[in-house]
Amino acid sequence: MAFHQLGDCVKGRQGPLTLICREELFDLGFLGEHCAEKWFGGGRKRVLKMSTESVLKVDLHRVLSRAQLSGLPQSAVRLVELSQDPSNGPAEFAAPIEADPGLAGQVLRFVNSSYFGFTREISSVKLAISLVGVRTIKNFALWSAVFSLVPNPRCGPFDLKSLWQDSLRRGLFARAAAKCLGVKEAEEAFSAGLLQDMAVPVLAKELPDVYVRLLAAREQGQMRLSDVEQQTLGWTHAQAGGILARQWNLPDDFAVLIENHLANDANSPRMRRDPRLAAVAMSALLPSVVDPVWHEAPQLEAFYDQIRPARTPSLAKLLGQVDQEFAGFAPIMKVALPSKSLVDWHGEVAAAAS
Ligand SMILES: [Fe+2]
């Protein structure tokens, strides 16, 4: 193994060790399992040595605690909990919203927006929920809560607006796919699909030098972000998302869906037991709006074909449904329409393959 003095490693040099400066490594609680000696051990000596071939071990929990994200508002957590029981209606959902004056104001502004086109002003939360539906209000509240907490880092090609476009698409696809797979209450698949990548901006803010390189490596190598994360850091944003969901007291089921969104074995017993896992995992294979090529298209096609029951819509039809729902949802969520629809993406891939 080739060992190098960490003291010689500074930003801008080549190789995995130089992705991050030594002060950051210290700050982040570098685990150093490949180290010949402990850095800043007794006497704070700079004696760490490490193999350049090893994974750069950064303590994920310390990265996330350093981010010091505020907790998710209790009202949003309660709405997610309520949505797990289909027997809950407008009265139950109105209670936590009315108890949170900020959220109540947002919900009323949302329902009175021109999108819904009500001719009279809606001034009661319960009436608002009755008119536009429990599901829409819950998704709006959760989306708004997370949107307000997640940072917008300056990190190379990272673009938060594109991430929200991708997220909305993934959420809608996860819900549509979950229904195709026989899930009656598919709202959790929607929420998990929507928030599956919520850790990415947090990590990009905390580890900007690392993530600039990871995002570039993803583009150049045509790899999934999670593959380069795993290779370089030894963990992925999916694990980080699961940790954040638990920190925010979201239901454990929800955290499990997020932390498994990169699973790709359609035949695993776990996927068969809980089709929501498969629905969210398939949504992770959709193209990003910033991608020039949809590399995961064949993987998604194969995954869907393996898992879908007979007489369910083809993937092309499902993508068309998601495009339509996106067009309806985007103005409410203040998200721009992507320049290329999923149907167009799918058509391009099919044409290239023929
Ligand atoms: Fe992801």
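Two residues are in contact if their C-beta atoms, placed from the backbone, lie within 7 Å. In this predicted model, 65% of the contacts in the protein chain between residues at least 6 apart in sequence join residues at least 24 apart. The protein chain has 19 helices and 2 strands, and buried residues make up 41% of its 354 residues.

- Helix H3 spans residues 74–83, and its buried residues are Ala76, Arg78, Leu79, Val80 and Ser83.

**The contact of H6 with H7**

- Helix H6, residues 125–132, packs with H7 at an angle of about 115°, and the two axes are 6 Å apart.
- This angle makes H6 roughly perpendicular to H7, because angles of 65 to 115 degrees count as such.
- On the H6 side the contact involves Ala128, Ile129 and Val132, which meet Val134, Thr136 and Ile137 in H7.
- Of the residues in this contact of H6 with H7, 5 are nonpolar, 1 is polar and none is charged.

**The buried side of helix H12**

- In H12, the residues Leu225, Val228, Glu229 and Leu233 are buried.
- They lie on the same side of H12, because they cover an arc of only 105° around the axis.
- As a general point, an α-helix has 3.6 residues a turn, so residues three or four places apart point the same way.
- Just after H12 comes glycine 234, which takes a positive phi of about 85°.

**Glutamate 229**

- Glutamate 229 lies in helix H12, which runs over residues 225–233.
- Is glutamate 229 buried or exposed? Glutamate 229 counts as buried because it has 25 C-beta neighbours inside 10 Å, and a residue is buried if 20 or more lie within that distance.
- Leaving aside residues up to four places away in sequence, glutamate 229 touches Leu214, Trp235, Thr236 and His237.
- The C-alpha atoms of glutamate 229 and tyrosine 211 are separated by 8.7 Å, while the two residues are 18 residues apart along the chain.

Technical notes:
Residues numbered from 1 in each chain as written. Predicted model: local features only at pLDDT ≥ 70, side-chain atom pairs only at ≥ 80, totals over all residues. Buried ≥ 20, exposed ≤ 12 C-beta atoms within 10 Å, placed from the backbone. Helix = DSSP H or I, 4+ residues; strand = E, 2+ residues; numbered from the N terminus. Axes fitted to C-alpha atoms, helices over the stretch in contact; angles between N-to-C directions. Parallel < 35°, antiparallel > 145°, perpendicular 65-115°, else oblique. Nonpolar A, V, L, I, M, F, W, Y, C, P; charged D, E, K, R; others polar. Arc of directions from axis to C-beta.
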